[in-house]
Amino acid sequence: MIATHGRGIWIVDDITTLRKLTPEVMAHEAVFLQAKPAQQRLPANGGWVEGSAVFTGPNPPDAALITYYQNKRHIFGKMKLEIFDSQGKLVDTLPPNSRRGISRVEWPMRLKAPHVPPAATAAFEAAQGPRVMPGTYTVKMTRGKETYSTQLVLELDPRAKFTVEDRKLEFDAAMRLHRLLGEMSFDVDRINGVHDALMERDAKLKGDAAFSKRMQELAGKVEAMRKKIVATTEGGAITGEERIREKATQLYGAILNYEGRPTDYQTARIESLKKELEDVAGRIRRPRHQGASAMTNHSRRKN
């Protein structure tokens, strides 16, 4: 703590990394400075609006801090930071700082946000990825041809009322929805592709009214499939239009909001949404082997 007798005060919460900065360490080209285990703190909101006269500092970031030292600026060769789990699987890649001295990089301890299909409403609930499980991770820094690594330990917030086993159930449920939204995006992209292809074919063959009518009918059926998956009317909760996408993102956000054991209803709801998507998108998936060939043959005969 450093104070200036009324003019300000600076507090460094954790000087563990500074204590690691010995002359022997500073002689290395680059080295990680080991820190305390990172806590996956429970999210909290609220507080009083007290203006700028209150002397408070910011809370620690909701991230794991990776600290390293370089005795000179890295200039030549690629530099990157990678995070691996206990099985050696790449979890995340972070942009490092190449400057000389002590650098600190924040890792949010989260996977990438799910790929959500576009719709008339924004999917704010799916704006972030699931928080990774507590455990020991490996941080690897690459500087040109040289590599350096260290261990990064993630722990539960000691205030948590749930166990690591509960967290695992929450993580698995979140990942199931994460994958479901990815599959949904793939299905919607395919539906849009089929719709555009039908409309393009219709535009090229303007002289055949019967064929044009058939293309319009098929395009309408394909669009009807899309409307069963995503909301197409703006307004969201105001209009009451909620499709599979909106239900899935709301459930995803609810599961991420509490990292303990998901409810039985939430777990069962994931399966029901998956079945709903299969009932709709299965119709556009199957034509790759059945209906699509018939449609292609029909179009070829018209050409």
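These legends describe close-up views of a predicted model of one protein chain.

View 1. The chain exposes about 18,800 Å². Carbon and sulfur atoms supply 54% of that area. Now take the contacts with a separation of 6 or more: residues 24 or more positions apart account for 67% of them.

**View 2. Helices α3 and α4 cross each other.** Two packed helices are described by the angle between their axes and the distance between the axes. Helix α3 spans residues 164-204, and helix α4 spans residues 209-229. Their axes come within 9 Å. They cross at roughly 165 degrees. Angles over 145 degrees count as roughly antiparallel, so α3 and α4 are roughly antiparallel to each other. The crossing of the two helices is left-handed.

**View 3. E165 and D166 sit in helix α3.** Which of the two is buried, and which is exposed? E165 has a relative accessibility of 54%. The cut-off for exposed is over 50%, so E165 counts as exposed. D166 has a relative accessible area of 12%. Buried means under 20%, so D166 is buried. Set aside the neighbours of D166 within four places in sequence, and D166 is in contact with E259, G260 and R261. For E165, look at M133, which lies 32 residues apart from it along the chain. The C-alpha atoms of E165 and M133 are separated by 9.9 Å.

**View 4. M109 lies in a loop between two strands.** The loop joins β8 (101-107) and β9 (135-143). What is the phi of M109? It is near 60 degrees. That is a positive value in a residue other than glycine. Is M109 buried or exposed? Its relative accessibility is 0%, so M109 counts as buried.

Technical notes: Residues numbered from 1 in each chain as written. Predicted model: local features only at pLDDT ≥ 70, side-chain atom pairs only at ≥ 80, totals over all residues. Heavy atoms only, no water. Axes fitted to C-alpha atoms, helices over the stretch in contact; angles between N-to-C directions. Helix = DSSP H or I, 4+ residues; strand = E, 2+ residues; numbered from the N terminus. Parallel < 35°, antiparallel > 145°, perpendicular 65-115°, else oblique. Left-handed = near helix turned anticlockwise from the far one by under 90°. Contact = heavy atoms within 4.5 Å. Areas by Shrake-Rupley, 256 points an atom, 1.4 Å probe, with all protein chains shown as cover. Buried < 20%, exposed > 50% of the residue type's maximum accessible area, 1.4 Å probe, protein only.
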